[in-house]
Amino acid sequence: MTLRLYYENPYLKEFEGKVLECRRAGAEWEVRLDRSAFYPTSGGQPFDTGVLGESRVLDVFVDKSGEVWHRVDAELSEGETVTGKIDWERRFDHMQQHAGEHMLANAAWRLLGGHTIGLHLGKEEVSIDMDLPEGRTHITPEELHALEDDVNQRIQRDVPIRQWFPTEEELKALPLRKAPTVTEHVRVVQIGTEEYCACGGTHPSSAGQIGLVKILEARPSKGKLRLIFVCGRRACVLLRKEHELLHEASEKLSTSVENLPTMVGNIQAELREVTRQRNEARTEMLLQGAEAMYENAPLREDGIRVICRQISGDMDGARALAADLTGRGYAVAALAAGDGPRLQYVVSRSPEAGVDCGKTLSQAARATGGKGGGRSDFAQGAGPAEMLEALKEAILKG
Ligand SMILES: [Zn+2]
């Protein structure tokens with residue numbers, strides 16, 4: 001069995017190991033050593049990268065028998081001793097995220113009675129899912145702050161982190177946060193005097209090296225509470241980026257960062273008011289053109305005027321124009337409003353016009369992938385531009 005050097009020393013960046021086996025795996029090779037400091041994907045922590053001799057390590061995994069395999073891009077000779085070097089930036093990041101996760105899961109357990117089930121250590125963010133008492137899937141902002149404060153206070157006190165293989169007797173006496181998933185060679189990580197958890201991962205030797213834990217989001221996920229967070233350098237990089245974005249936004253709006261939400265609210269209100277005024281003006285213009293639209297509209301054989309067109313304005317404008325046109329008598333109006341790929345439709349008629357607006361609109365919608373319907377004298381819907389052509393054809397045909 002491969003001797004896993006990171007158990008004894010998670011800070012080991014370089015080591016020597018003997019190649020016991022090197023087998024072909026597609027375009028690459030898989031290598032087994034007598035000893036290795038490379039961490040294989042397990043317990044939610046991703047594998048280490050780096051080099052073995054001249055070969056680049058692309059993946060590290062454990063097989064069913066517990067052997068560690070290194071997938072490499074170039075063949076190594078069996079029997080040779082190679083120097084392994086670990087990509088330390090990647091590994092230390094994983095150590096920070098992993099230890100931060102223990103502390104957060106522990107805080108949630110003590111403060112909220114939460115049982116953490118899964119860890120996902122992603123490229124950008126880390127997440128854990130937990131069962132809370134009474135099936136809660138939400139926490140208050142105060143509870144979130146309490147978790148974050150609890151963890152960061154312990155980080156600032158730089159509480160020690162110990163990781164070791166206790167004897168069976170010793171293990172029985174440890175107040176583990178949850179039952180171990182293995183029965184033999186149980187490794188335990190202890191953080192301060194609170195967190196005891198069976199774990200085969202890599203962690204720094206004290207909490208201060210985690211630097212900072214920042215919770216980004218707490219939301220329900222599949223009946224559990226999901227906490228999304230970042231630790232260590234990731235947290236600094238993220239806060240720096242967000243800080244810069246906030247300052248960029250506040251400079252553009254010539255206000256302070258504190259005043260941004262108020263400012264954005266004011267701008268939204270102003271935009272709504274300006275949009276309302278613009279639409280009113282558009283409707284007014286539409287109504288001014290109504291008479292000419294009515295006079296120039298094609299006539300059906302039964303003397304009904306058919307007005308089918310796309311207008312510049314919103315639904316209120318379309319409704320007002322349709323009411324004006326049909327109010328002049330002996331007319332059917334099918335109007336499309338909007339400027340996106342999907343338009344909004346109004347179909348309306350004068351009492352004298354024998355057209356079923358609801359039926360005509362729903363048929364045109366079905367034929368063109370839109371939707372809509374309504375009464376025989378008034379109907380509304382939405383759909384593509386082709387829907388207007390389909391409506392025109394149907395109404396002219398009668
Ligand atoms: Zn761990």
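I began with helix H3 (residues 141-156), which has 16 residues and spans 22 Å from its first C-alpha to its last, close to the 22 Å expected at 1.5 Å a residue. The expected span is 1.5 Å times one less than the number of residues. Helices (H or I, at least four residues) and strands (E, at least two) are DSSP runs numbered from the N terminus.

The model is predicted: local features need pLDDT of at least 70 and side-chain atom pairs count only at pLDDT 80 or more, while totals for chains, interfaces and linings use all residues. Residues are numbered from 1 along each chain as its sequence is written, and side-chain values use heavy atoms, with hydrogens and water left out.

I looked up burial in H3 and found Leu144, Leu147, Val151 and Ile155 among the buried residues. Buried means under 20% relative accessible area, exposed over 50%, partly exposed in between (1.4 Å probe, protein chains only). The cover over the buried residues of H3 includes H2, E14 and E15, where contact means heavy atoms within 4.5 Å. After H3 comes Asp158, with a positive phi near 55°.

Next I checked the zinc ion. Its donors are His98 (NE2), His102 (NE2), Cys199 (SG) and His203 (NE2), at 2.0 to 2.1 Å. Donors are N, O and S atoms within 2.8 Å of the metal (3.2 Å for Na, K and Ca); water is not among the atoms, so sites may look incomplete. The angles between the four donor atoms are 98 to 120°, so the arrangement is tetrahedral (four donors, all angles between 85 and 135 degrees). His102 in helix H2 and His203 in the loop between strand E13 (195-198) and E14 are 101 residues apart and link distant parts of the chain. Both His102 and His203 are buried.

I then traced the open sheet, whose four strands are ordered E9-E10-E15-E14 with antiparallel pairing. Two strands pair if DSSP finds at least two bridges between them. Strands E9 (115-121) and E14 (213-221) are at the edges with a single partner strand each, so one side of each has no neighbour in the sheet. The twist averages 20° from one strand to the next. Helix H2 (residues 88-112) packs on this sheet, touching E9, E10, E14 and strand E15 (224-231), and its direction makes about 140° with that of E15. Axes are lines fitted to C-alpha atoms, for helices over the stretch in contact, and angles run from 0 to 180 degrees between N-to-C directions.

Methods: Four donors count as tetrahedral if all angles lie between 85 and 135 degrees; four count as square planar and six as octahedral if opposite donors are over 155 degrees apart and all others between 65 and 115; anything else is irregular.
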